[in-house]
Amino acid sequence: MPWCVAPAGCWPPTRTWPSLIRLGAYRRGTDAAVDEAIHYYPLIEEFLTQGKKDATSLRDCYHGLAQILGMPFDGDGMGGR
């Protein structure tokens, strides 16, 4: 799903924000990229949760991820744009 990878520079430039979040020192609105990551984190965690005997096709996996990210998915672009 190469077309859903964020361009370079989209994510916070430092690695200090996870510590700030864990300590409760991060304030929403300080950094839009961090706010976005906080928003998507539980959704992606749930998406990645799968039982040992559960199976999902690659197409369904891409479709589910596209839904979480609010991106269109027609199934034809599975190899990239």
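Tutor: Asp31 caps the N-terminal end of α2, placing a side-chain oxygen 2.9 Å from the backbone nitrogen of Ala33. A polar contact is a pair of N or O atoms within 3.5 Å; within protein, one must be able to donate a hydrogen and the other to accept it, and residues adjacent in sequence count only if both atoms are side-chain atoms. This is a predicted model: local features need pLDDT of at least 70, side-chain atom pairs count only at pLDDT 80 or more, and totals for chains, interfaces and linings use all residues. Residues are numbered from 1 along each chain as its sequence is written, and side-chain values use heavy atoms, with hydrogens and water left out.

Now the helix itself. α2 covers residues 32-48, 17 residues in total. Its first and last C-alpha atoms are 24 Å apart, close to the expected 24 Å. That expected span is 1.5 Å times one less than the number of residues. α2 still bends by about 35° at Tyr41. The bend is the angle between axes fitted to the seven residues ending there and the seven starting there. A proline, Pro42, follows within four residues.

Next, the packing. The buried residues of α2 are Ala33, Val34, Asp35, Ala37 and Tyr40. Buried means under 20% relative accessible area, exposed over 50%, and partly exposed in between (1.4 Å probe, protein chains only). An α-helix has 3.6 residues a turn, so residues three or four places apart point the same way. The buried set of α2 packs against α1 (17-23) and α3 (58-69). Contact here means heavy atoms within 4.5 Å.

Take α1 first. Pro18 lies in that helix. It is partly exposed, at a relative accessible area of 25%. Pro18 and Ile38 sit 20 residues apart in sequence, and their C-alpha atoms are 9.8 Å apart.

Then α3. It has 12 residues and reaches 17 Å between its end C-alpha atoms, close to the expected 16 Å. Its buried residues are Tyr62, Gly64, Leu65 and Ala66, and these pack against α2. Gly70 follows α3, with a positive phi near 70°.

Finally, the setting. The protein chain has 3 helices and 0 strands. Both are DSSP runs numbered from the N terminus: helices are H or I with at least four residues, strands E with at least two. Buried residues make up 20% of the 81 residues. Confidence is lowest in α1, at a mean of 77, and highest in α3, at 92. The chain mean pLDDT is 78, and 75% of residues reach 70 or more. pLDDT is the predictor's confidence in each residue, from 0 to 100.
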